Amino acid sequence: MPVGLDKLKHIVVLMMENRSFDHMLGGLRALDSRIDGLTGTEFNLDTNGGQAPATPDAKFQSQLDPDPNHHFAAVDVQIFDGDLSPTRQATMGGFVKSYFEQRRDVKHSKKIMFHFAPEKLPVLTTLAREFAVFNGWFSSIPGPTLCNRAFAHYGSSFGHVDMNVFYPNTIFKSVYQRLDAAGKKAKIYFFDFQSSTMEIVNLLQHQPQFFGSFDQFQRDCVAGTLPDYSFIEPNYSDHNGSGGEALLASDQHPDHDVREGERFIASVYNSLQANPALWESTALLIVYDEHGGIYDHVPPPPCTPDGAVAQPGQTGTGKPFFFDRLGVRVPAILVSPWVAKGTVVPGPNDANPRIFEHASIPKTVTDFFVDPNFADRSPREKAAETFTDLISLDVMRTDTPVFQLG
Amino acid sequence: MAIIKVPKTPASAFNPRRTPSDLIRQQIKHLEWALLPAAQRQPTRRKDGTLTWFKGGAVKTEAQAAAYIAVLTARVQDAYADYQARAARGLPRDAGPAPVVRLPKVPTVTLAPRPRAKAPKAARKRARPSGAKKTTRKAVKTARRRR
């Protein structure tokens with residue numbers, strides 16, 4: 001076992017909102033050809049048949065308004081360009097057409113193709129190049145937030161492809177309950193009471209001991225009392241704090257300012273790095289829940305079916321969904337001083353591909369802290385990849401970057 | 001060791017008046033769902049298709065959503081504390097008929113007045129053509145007196 005893995009005591013997951021891999025990290029290909037980003041030749045056709053190229057023109061705010069549709073039926077159009085035939089191929093050619101439906105404005109619809117130049121996102125792109133970036137981390141479902149986040153907590157959405165309440169009679173335990181039963185500690189840190197938790201209200205209702213605020217996360221980092229597993233939720237809304245101060249949403253959900261999310265990611269990283277004992281024993285995964293309707297060029301691969309069927313009434317496509325295909329690719333970065341600098345985890349377009357999805361989170365955490373042979377999991381989780389092998393160094397790095405918040 | 005400077009997000013990005021996203025409305029729905037006993041979670045719908053028990057539609061801004069979410073979160077946690085207290089006294093959680101739960105009112109949030117947008121430079125120039133007298137308060141008062 002590498003020394004780094006031997007030292008690992010804490011896993012922290014920070015899940016952001018609604019941005020695709022290409023939108024945030026696609027520009028990195030120009031700096032490192034191993035990163036499966038954009039070549040500059042990618043485009044979709046608009047509703048007039050003109051080309052809408054993928055260009056580095058993304059803005060921090062006020063560009064993707066209205067919020068791009070990312071419900072199941074819309075994502076189906078984005079991936080398959082509206083083709084419903086049995087022999088259809090995933091072309092990633094329907095993003096502009098899908099966004100056009102919301103404002104019926106051809107010029108505006110092309111903005112769905114825009115991505116950030118790397119220098120505009122100094123935190124995310126630095127972490128991607130300094131640590132491990134995944135070329136093949138996909139959202140679990142070609143659909144919206146809540147069913148995707150369910151995979152991060154339970155390894156399944158229990159047959160849901162939508163935003164409805166999913167947790168009555170859940171047949172698999174959440175990763176927090178599994179750790180608790182094994183005598184380990186787990187916590188979900190939501191930003192504050194006004195932002196609260198997004199999807200696992202059932203745990204808030206029956207097991208509030210699993211919850212804490214972001215302030216508490218920072219205090220736990222200082223005190224060295226971080227639990228074995230932590231899941232961090234960003235601030236989901238612009239609101240005033242208890243002292244009347246302006247608290248900007250940091251989730252990066254359109255139309256929230258992307259820069260505040262950058263600062264939030266940096267503050268989580270800084271909190272861990274500031275305590276040397278914690279820094280050497282913690283792995284931080286930064287991942288996005290789904291693509292938010294924004295362009296990515298890599299077709300989602302097929303996957304192990306989850307043993308459930310979403311009926312046509314739920315999918316909105318007129319067809320059932322067998323949970324046998326992943327959702328659109330999202331940014332994912334694993335941070336640890338024991339991860340080799342510049343690690344690029346191969347994705348579907350590389351040799352020896354490794355495909356990750358949100359079920360990889362409970363899989364990795366359960367394997368590492370509870371039992372690799374833990375049986376009571378969804379078929380998707382059982383088949384999911386784990387990521388602790390990326391913590392592969394025997395000598396801890398001392399050249400890791402430092403973020404200075406202005 | 002590289003030091004990366006992360007600039008402050010401009011204050012102009014703060015918009016508590018923003019209409020809440022579908023995601024935030026769903027979050028409200030989930031919290032309301034958690035507060036209600038099963039008998040009150042009937043999937044009956046209004047004419048517009050929204051669930052009859054769902055109050056999130058009354059929320060107009062992100063600030064209001066945040067205030068309501070804070071109230072709901074506290075209520076969910078209070079309900080758990082009540083349950084713990086009952087359990088400590090040896091009372092079953094669901095003794096007798098489930099009490100009717102009233103969802104809290106959506107709070108009214110008063111926001112500071114929106115700062116007036118400064119007219120673009122070109123527009124300001126046009127408003128005072130070259131050669132025109134300055135429109136200071138003093139100049140206006142003097143002009144009125146003259147009239």
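One aromatic cluster is made up of Tyr189(A), Phe191(A), Phe214(A), Phe217(A) and Phe264(A). The model is predicted, so local features need pLDDT of at least 70 and side-chain atom pairs pLDDT 80 or more, while totals for chains, interfaces and linings use all residues. Residues are numbered from 1 along each chain as its sequence is written, chains are lettered from A and ligands numbered from 1 in the order in which they are written, and side-chain values use heavy atoms, without hydrogens and water.

Aromatic pairs
- Rings of Phe, Tyr and Trp (its six-membered ring) pair if their centres lie within 6.5 Å; planes under 30 degrees apart are stacked, over 60 edge-to-face and the rest tilted.
- Over all chains, this rule gives 23 aromatic pairs.
- Phe214(A) and Phe217(A) are stacked, because their ring centres are 5.6 Å apart and their planes at 20°.

Helix 10
- Helices are DSSP runs (H or I, at least four residues), numbered from the N terminus.
- Phe214(A) and Phe217(A) lie three residues apart in helix 10 (residues 214-223) of chain A, and are therefore separated by about one helical turn.
- Asp215(A) belongs to helix 10 of chain A and is partly exposed, at 48% relative accessibility.

Charges over rings
- A charge sits over a ring if NZ of Lys or CZ of Arg is within 6 Å of the ring centre and within 35 degrees of the ring normal.
- Lys120(A) places its charged end over the ring of Phe60(A), 5.0 Å from the centre.
- For Arg329(A), the charged end sits over the ring of Phe21(A), 3.8 Å from the centre.

Note on methods
Helices (H or I, at least four residues) and strands (E, at least two) are DSSP runs, numbered from the N terminus. Buried means under 20% relative accessible area, exposed over 50%, partly exposed in between (1.4 Å probe, protein chains only).
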